[in-house]
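This report goes through one protein chain, part by part. Look at the sequence and the structure together as you read.

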Amino acid sequence: MKTTSTPRRIAALTFTALLLGGTVGNARADDPPNSTSSGSPPPAIDATSPALMLPDGATLAPAKVLDIKQIVEEEGGEQRREDTNVDVTFALQAEVLFPKDSAKLGPAATARIAAIAAEVNKQGASRVRVFGFTDDLGTYEHGLKLSKERADAVQQELAKNLNPGTTFDIRGYSEDYPIADNSSEEGRKKNRRVEVSFPRTSGG
């Protein structure tokens, strides 16, 4: 009997504060895969405005820009979606997309990737990052090759459903940047993944 997995919100809101005066830029393809920055300066606030109704002697703390992150993960962790006010990231476990130690897309992969492509189109994004990752079993070099081949396979399937002018950044990171503990099979399964991320350019 086929069972359907129900998405669950595993982290409602995570706040990352960027202090006034710090350097804020847009994420680049060579940045660590999960690095994002808002690109927006803190708002200008008149600390002397009576509308603030500050108590006598009180002063304002330095202005900050908050990056709000929401994470929704399917039961079982097969797919994970991360939304910030800057970008959207989908992480798909390798087992959902590929046979073991293979970069050939399996039967369930097409629908999963098409759903991500629909979200890229909804956001109107013209640049997409596709990054592959492995666990720490096997050699680092084998992991680099496999993770890049898997990222290439996902990119090629994505491209079928996206604007021909879409620009892709494709990387294979092997065992770098794990999101779980590699000492257990449960953790290694989460680390074997392909991430697709793109800018949030609309209110969708």
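## A residue in a loop

In which loop does S174 lie? S174 lies in the loop between β6 (167-172) and α4 (185-191). Helices (H or I, at least four residues) and strands (E, at least two) are DSSP runs, numbered from the N terminus. S174 is buried, because its relative accessible area is 0%. The word buried means under 20% relative accessible area, exposed means over 50%, and partly exposed lies in between (1.4 Å probe, protein chains only). The phi angle of S174 is near 55°, a positive value in a residue other than glycine.

Y177 is also placed in the loop between β6 and α4. Phi of Y177 is near 60°, again positive in a residue that is not glycine. The relative accessible area of Y177 is 35%, so Y177 counts as partly exposed.

## The model and its confidence

The model is a predicted one: local features need pLDDT of at least 70, side-chain atom pairs count only at pLDDT 80 or more, and totals for chains, interfaces and linings use all residues. Residues are numbered from 1 along each chain as its sequence is written, and side-chain values use heavy atoms, with hydrogens and water left out.

The pLDDT is the predictor's confidence in each residue, from 0 to 100. Its average over the chain is 81, and 75% of the residues score at least 70. Over residues 1-6 the pLDDT stays under 50, and the model has 5 contacts for them beyond four places in sequence. Residues 9-29 also have a pLDDT below 50, and this stretch has 52 contacts in the model beyond near neighbours in sequence. Contact means heavy atoms within 4.5 Å.

## The chain as a whole

How many helices and strands does the chain have? There are 4 helices and 7 strands. Read from the N terminus, the elements run β-β-β-β-α-α-β-α-β-α-β.

Of the 204 residues in the chain, 37% are buried. The accessible surface comes to about 11,700 Å², and 54% of this belongs to carbon and sulfur atoms. Accessible areas come from the Shrake-Rupley method with a 1.4 Å probe; for residues, only the protein chains shown count as cover. Among contacts between residues at least 6 apart in sequence, 69% join residues at least 24 apart.

Helix α2 (residues 109-123) and helix α3 (residues 140-159) have axes that come within 9 Å and cross at roughly 65°. The axes are lines fitted to C-alpha atoms, for helices over the stretch in contact, and the angles run from 0 to 180 degrees between N-to-C directions. The crossing of α2 past α3 is right-handed. A crossing is right-handed if the near helix is turned clockwise from the far one by less than a right angle, and left-handed if anticlockwise.

On the α2 side, the contact is made by T110, I113, I116 and A117; on the α3 side, by V154, E157 and L158. These residues divide into 5 nonpolar, 1 polar and 1 charged. Here Ala, Val, Leu, Ile, Met, Phe, Trp, Tyr, Cys and Pro count as nonpolar, Asp, Glu, Lys and Arg as charged, and the others, Gly among them, as polar.

## Buried residues in the strands

E82 lies in strand β3 (residues 79-83). E82 counts as buried because its relative accessibility is 15%. Apart from neighbours within four places in sequence, E82 is in contact with K69, Q70, I71, D87, V88 and T89.

Q93 is part of strand β4 (residues 87-93). With a relative accessible area of 4%, Q93 is buried. Beyond residues up to four places away in sequence, Q93 touches several others, among them G76, G77, K189 and R193.

F198 belongs to strand β7 (residues 193-199). F198 is buried, with a relative accessible area of 2%. Which residues does F198 touch, not counting those up to four places away in sequence? They include V88, F90, I116, V120 and V128. The C-alpha atoms of F198 and V88 are separated by 5.6 Å, although these two residues are 110 residues apart along the chain.

## A proline between two strands

P33 is in the loop between β1 (7-19) and β2 (64-74). P33 counts as buried, at 5% relative accessibility. Leaving aside neighbours within four places in sequence, P33 is in contact with R129, F131, F133, Y173, Y177 and E195. P33 and F131 are 98 residues apart along the chain, and their C-alpha atoms are separated by 7.4 Å.
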